[in-house]
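Here is a colleague's note to read beside the structure.

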Amino acid sequence: MAKDYKATVFLPQTGFPMRAGLPALEPRLLARWQEIGLFERLRSQADGREKFILHDGPPYANGNLHIGHALNKILKDVINRSQQMLGKDAHYVPGWDCHGLPIEWKIEEKYRAAGRDKDAVPIVEFRRECREFAEHWIGVQREEFRRLGVEGDWERPYTTMAFAAEAQIVREIGKFLMNGGLFKGAKPVMWSVVEKTALAEAEVEYHDHTSNTVHVRFPIESPSLPELARAAAVIWTTTPWTLPGNRAIAYGADIDYVVLEVAAVGEGSLARPGERLLIAAALVPAVIGAAAIADHRILARLKGEALAGTVCRHPLAGQGYEFAVPMLPGGFVTTDQGTGLVHIAPGHGADDYELGLAHGITAPQTVSEDGSYYPHVPLFAGKRVLTPAGKKGDADPAVAAAMAAAGALLAKGTLVHSYPHSWRSKAPLIFRNTPQWFISMATNGLRDTALAAIDETRFVPPQGRNRLRGMIETRPDWCISRQRAWGVPIAVFVDRRTGEPLRDQAVVDRIADAFAAEGADAWYASPPERFLGEGRDPGDYEQVTDIVDVWFDSGSTHAFVLEPRNDLRWPASLYLEGSDQHRGWFHSSLLESCGTRGRAPYEAVLTHGFVMDEEGRKMSKSLGNVTAPQEVIDAFGADILRLWVVSADYSEDLRIGPEILKHQSEMYRRLRNTLRYLLGALDGFSEAERVEPAAMPELERWVLHRLAELDRTVRQSCADFAFHAIFTALHNFCAVDLSAFYFDIRKDSLYCDRPDSLRRRACRTVLDRLFDSLTAWLAPILCFTAEEAWLARNGSAPDVSVHLRLFPEIPSSWRDDALAEKWATVRDVRRVVTGALELERAQRRIGASLQAAPVVHVTPAQAAAFDGLSLAEIAITSAAEIVVGEPLAQAFALEDVAGVAIVPRLAEGDKCQRCWRILPEVGTVAGREELCLRCADAVAQLPPESRAA
């Protein structure tokens with residue numbers, strides 16, 4: 001009966017499970033990190049190192065986390081952990097944005113449900129409820145972020161509603177007040193009738209909307225050319241309600257215009273035969289189609305610049321609109337649609353306002369905060385542009401009817417187009433001229449300072465620079481006032497006699513001191529004389545009650561987070577958020593810092609894309625395609641989410657869904673199985689086994705070369721924040737270089753060589769360095785799994801954690817490009833041999849590769865690559881013969897590996913019962929006839945009780 005040698009084979013042994021069980025494991029590791037004070041240990045360990053400060057862009061304290069939050073915070077954590085392991089002090093302070101409309105809206109919803117009037121509630125009580133709401137969600141989100149494995153100063157986060165923060169925000173407002181950058185003006189701003197406040201661009205989203213359209217005649221009263229006499233300039237607008245605010249018409253100086261005479265009209269047309277119309281030549285077909293003009297003739301052609309000096313009459317002249325309507329050149333006029341002439345209402349559009357300002361035209365006040373016309377507006381007083389619920393009012397039909405009655409309406413219709421909506425109420429917005437507080441882009445050279453700061457900032461990806469630059473170059477003055485209650489007030493007093501804000505640093509300081517002690521509620525709860533000080537009569541001053549834009553809040557975080565804390569630094573090393581923050585946090589932080597400190601608050605800006613479903617669609621509950629991070633964690637574990645974040649190029653939009661998560665799980669298993677194999681193969685490894693690289697076989701030295709290459713890749717990719725490159729390199733290394741090549745070849749040596757053999761010791765030495773390197777390189781990404789593997793080998797003492805390590809220093813001497821080039825040839829030849837054996841196995845001529853002893857025909861150069869090597873060992877066959885030259889018989893070859901051909905052949909001899917190689921020497925060792933010479937020697941070294949029975 002054959003002897004059983006299974007017990008003599010050195011099989012891997014480890015308690016590291018094949019199945020991760022991450023949903024159960026990860027909370028235990030989180031508890032351990034808290035128990036050992038991991039964050040505090042990291043800070044102590046890093047004391048004195050170069051600081052790397054990723055300043056947290058504050059999420060809004062409102063609701064559970066969504067998948068976009070997970071992407072953002074995991075990416076930040078991967079960066080912080082990798083910078084820490086590069087030898088820096090990556091101190092991360094998470095924060096929250098707490099003020100603003102979304103929380104007010106939630107409290108107002110509660111009031112509406114209870115039948116309460118928000119305006120009847122004392123403002124301090126209302127603000128208290130908003131604060132409590134934010135505090136609740138900060139607690140919820142903090143635990144959800146920690147569950148993702150995000151390490152940070154969770155015991156000392158920052159919030160924009162902390163008293164110290166509110167005090168510093170009002171100091172920052174005070175700096176603009178004192179340097180003259182803050183002013184009060186009336187400009188058109190995007191206004192929410194539903195929420196009764198101005199909105200910032202970042203609070204606006206665009207949806208399809210059906211607008212009413214009208215073509216309207218403006219009679220030319222004072223023509224610049226004789227050809228324009230008795231003609232009417234035709235405008236087209238999607239906002240008929242703005243026509244009572246019209247004060248001019250814009251033309252394009254380089255656009256070709258025509259004066260056409262109507263010859264015939266179709267049924268229902270409002271055009272009149274014989275009338276003359278001024279429109280852009282390129283838009284004649286569109287206009288005559290819309291107006292049902294059946295026939296026309298061109299009377300004159302002219303360039304837009306020839307219209308300079310032309311003055312029109314308002315279509316409703318004689319009914320309260322007795323003013324001239326000049327025609328003015330506008331660089332924004334195009335011939336994309338309409339008539340090539342743009343009606344200018346300075347109170348209802350940014351371009352309109354700027355054009356009016358440049359020509360001394362005052363923006364009229366026509367629409368009030370509730371969306372209705374003011375009582376002084378002729379014909380339309382009380383008519384509504386939008387209802388309080390955000391629905392269309394009666395203004396458009398009333399204006400169109402008045403134009404028709406005056407003989408000015410040429411055509412009307414509707415248009416579905418992209419239109420601004422409130423991101424909170426989802427209601428359409430209007431441009432409305434209102435008195436607001438602004439920060440000037442011109443005063444103190446703010447625009448130029450910001451543009452210079454952009455040039456000094458690193459952008460990842462680089463195109464972010466142009467995007468932010470384009471916004472700063474063209475943006476208007478920054479409207480920072482909001483007509484709401486929950487926020488930091490613009491704590492300013494206005495002199496009732498002059499209308500100018502009070503600029504007194506002592507007043508600013510008193511206000512800030514009060515806020516630091518009591519919070520911003522002090523502004524509402526204290527008499528004004530507390531702040532004005534002695535010698536001033538409160539009756540002479542108006543106390544501003546508007547709150548500051550929440551983007552000013554978050555744009556000031558650098559001032560109350562980075563500057564005051566000795567454990568941080570200003571400016572930040574990095575700001576990181578989604579690509580929408582070029583118009584949000586990156587933007588407001590840049591302007592706030594440049595306006596008060598003369599430079600950006602960051603050295604680098606990194607942006608990531610958004611998260612879509614597997615088909616590239618935006619996630620929505622109605623589509624049923626929402627992937628919630630909490631559900632992914634419960635099903636797969638946070639490490640799968642973390643792997644997903646780095647597995648794709650985050651600078652583009654990322655996709656997620658069941659199939660993608662399944663694919664991530666498969667990739668995770670490959671990485672986990674690599675760690676498990678290393679742990680098993682290193683069972684019992686000791687320093688006495690270690691072999692110096694110079695004494696190692698070539699194969700081991702090739703693996704060390706690959707580690708040196710990977711070390712360079714990892715370090716450079718961390719510097720570039722290119723974690724997809726790290727993931728790809730590590731995954732391919734584990735799957736291709738290790739599992740499919742190195743491990744495959746060295747299993748025989750690990751399992752069957754005697755323990756003290758140089759080959760086995762060298763292999764275990766390399767495996768030790770592999771484990772040391774891979775656990776460190778994977779730790780920022782798979783923070784739970786890397787910790788689990790590290791603890792499995794190193795015990796669980798309080799000072800043991802993979803996250804307390806630095807990336808290992810890889811000796812430069814390990815890099816050997818000549819050796820790598822040689823082994824590239826070896827691997828090419830091996831690939832052809834493996835292909836030939838697979839074909840033999842498919843034809844059932846062999847069952848396993850060890851049954852083969854192929855003849856391998858190669859070129860002289862390929863043969864030279866095998867000098868000193870065993871092809872049989874590398875190809876995992878029992879024998880192999882290398883022959884230089886082409887085979888005489890039919891052979892197997894691969895097109896992409898020139899010069900290699902394989903002639904299959906069966907191995908000769910008997911099968912070793914321990915290593916399963918088929919060799920002629922099996923049966924030649926007395927007493928161990930079942931074994932080859934190598935195995936007989938290995939067994940002989942074992943204690944008698946360990947030898948085969």
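1. A contact here means heavy atoms within 4.5 Å. Of the contacts in the protein chain with a separation of 6 or more, 77% are between residues 24 or more positions apart. Please keep in mind that this is a predicted model.

2. On overall form, the protein chain has a radius of gyration of 38 Å, while a compact globule of 949 residues would have one near 30 Å. The C-alpha trace spans about 125 × 75 × 50 Å along its principal axes. The chain contains 28 helices and 31 strands.

3. On burial and surface, 55% of the 949 residues in the protein chain count as buried. The chain exposes about 38400 Å², and 51% of that area comes from carbon and sulfur atoms.

4. On charge, the protein chain carries 106 positive and 125 negative charges.

5. Helix α4 covers residues 101-114, which makes 14 residues. From first C-alpha to last, α4 reaches 20 Å, close to the 20 Å expected at 1.5 Å a residue.

6. Which residues of α4 are buried? They are L101, P102, I103, E104, W105, I107, E108 and Y111. The list includes E104 and E108, and Glu counts as negative in the charge tally.

7. What do the buried residues of α4 pack against? Their partners are α5 (123-147), β5 (197-198) and β22 (547-548).

8. Just after α4 comes G115, with a positive phi of about 75 degrees.

Technical notes
Residues numbered from 1 in each chain as written. Predicted model: local features only at pLDDT ≥ 70, side-chain atom pairs only at ≥ 80, totals over all residues. Heavy atoms only, no water. Helix = DSSP H or I, 4+ residues; strand = E, 2+ residues; numbered from the N terminus. Rg over C-alpha atoms; globule rule 2.2 N^0.38 Å. Buried < 20%, exposed > 50% of the residue type's maximum accessible area, 1.4 Å probe, protein only. Areas by Shrake-Rupley, 256 points an atom, 1.4 Å probe, with all protein chains shown as cover. Charge placed at Lys NZ, Arg CZ, Asp CG, Glu CD. Expected span 1.5 Å × (residues − 1).
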